[in-house]
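Subject: Structure for you to look at

Hello,

Here is the structure I promised to pass on. Please open it and keep it in view while you read the notes below.

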Amino acid sequence: MGRHRVGRVIARAGRWRIIALSGAGLVALALLVTMLAGGFPGLGPGDTDGRGGSRVPATLGWGFTHTQYSADHGGDAARRTVAELLSGSPMPQNQHIMGWGADNPEPRPGAYNFRDLDRRVALMRRTGGTPVLTLCCAPDWMKGGGPRTDWSQKSLETAPDRAHYKDFAKLAGVIAKRYPDVRHFIVWNEFKGFFDESRNRWNYEGYTELYNLVYRELKKQNGDNAVGGPYMSLDSNSPGEGSNASSVRGPWGSVDQRAVDALSYWNDHKEGADFVAVDGSSYTRDGNRLLPDEFGATQKFADTTAWLRKATGLPVWWSEWYVEPGDANDDRKGWTEEHRTAVQATAMMQLAGAGVATAFYWNPQETTADCPGCLWRSTELKDGGTGLPMLGLLARFAKAFPPTTALRTPELAGPGRSDVRALASEDTALVVNTQDRPVTVTVDGRGVDLGPYEVRWLG
């Protein structure tokens, strides 16, 4: 799934969605997840691999993924502006080792090129974010190609040949050794290249074999490295769609059984894991439907997170999440920024209420000022680098609702209570107007007037 703009390096990926619980629903869900995990969100089983492995926390909280265009390019002033913004609110930052802003790290066997990756890791270090590396994708010679890098989407999304699984694991080890302060690694991206057309299912045996080799190599480099996978896309179809429907379902639809099978196989046959990683969207694969609406569809994030925690006993990472369907070019420009931010805030409430340990916002980037959903204005612009609404939401949410926070749902009353979503900690509340019109609501006894799609922090 996902968006992949192809040039010399790939720019974007992903999509997904879910239903927003209100009032007692979020509280009940948070309590259920707490009981299933044996503790507060992020503190349950899986902080180690269960085999005497990593003691590095797998609960990093809210962050973002760098894509093709990020703050390591562009004008000096714009880059400084972004660096100051990110340093002021340090968050975990994720980068792929090849593509999405990074050149081929090993164009020929044993010949390494880490210039781009060095620059991205330096940016993460400079801005104080916890660095995370996604170990994807594979050099061409590992998948039947030669020393020349083919940056087409088809080539980039090809998995390494089985004969080169060990070579890819060795590359992962070289990277871990090069960046000893990087302690968190996600193995591969969305099962790219692992779909078996002849059997109409994922080649989860092949992926798990690759994963185990990489896991072993990373633990050999440092037993405290935190490693996880499988970064599976939890695609879903509308309710009533019989093809590949699973029992992981809700008003938003049903997760594809083939994804459930792949996750189950990996979970049963992995050598170890410090977290489980997935991605997805709240809209369905059949017709990009948002059920029952764009805010209600965010329920999917809560339901699937709770299922993953129960099924694996591991901290749950969302490597990407999406709430707005793309157009024919996979562009998401149909909503206003206020509308988009309100739905994103609701999705993040769902994830937080379900006890997500780590979540990365896929930061779309362009070289122009037109960049819906971006975290900051392009650093390629003369006046670029300033923060956009989504960065404000992400940074504030990361501070207010880290994974160990005890959450509650504020008491809502008044005529607008059914139109508002809310989540709170002991001293902070976030309220969202889900309507394109003003609403009035009482939050914990305090009257609040909200503008159309307004996202408001209280307390």
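This is a predicted model: local features need pLDDT of at least 70, side-chain atom pairs count only at pLDDT 80 or more; totals for chains, interfaces and linings use all residues.

**The whole protein**

The chain has 459 residues, and 62% of them count as buried. Its secondary structure comes to ten helices and 19 strands. Now take the contacts between residues at least 6 apart in sequence. Of these, 72% join residues at least 24 apart.

Find the open sheet made of three strands, in the order 8-10-9. Its pairing is antiparallel. Which strands stand at the edges? They are strand 8 (236-237) and strand 9 (245-250). Each has a single partner strand, so one side of each is left without a neighbour in the sheet.

Look next at strand 10, residues 253-256. Strand 10 pairs with strand 8 over two bridges, in the antiparallel sense. You can check this by eye: Asn 237 stands opposite Ser 254 in strand 10.

**The helices on it**

Helix 7 (residues 257-269) packs on the sheet. It touches strand 9 and strand 10. The direction of helix 7 makes about 50° with that of strand 10.

Helix 8 covers residues 299-312. It lies across strand 8, strand 9 and strand 10. Against strand 9, helix 8 runs at about 120°.

Best wishes

Note on methods:
Residues are numbered from 1 along each chain as its sequence is written. Side-chain values use heavy atoms; hydrogens and water are left out. Helices (H or I, at least four residues) and strands (E, at least two) are DSSP runs, numbered from the N terminus. Buried means under 20% relative accessible area, exposed over 50%, partly exposed in between (1.4 Å probe, protein chains only). Contact means heavy atoms within 4.5 Å. Two strands pair if DSSP finds at least two bridges between them. Axes are lines fitted to C-alpha atoms, for helices over the stretch in contact, and angles run from 0 to 180 degrees between N-to-C directions.
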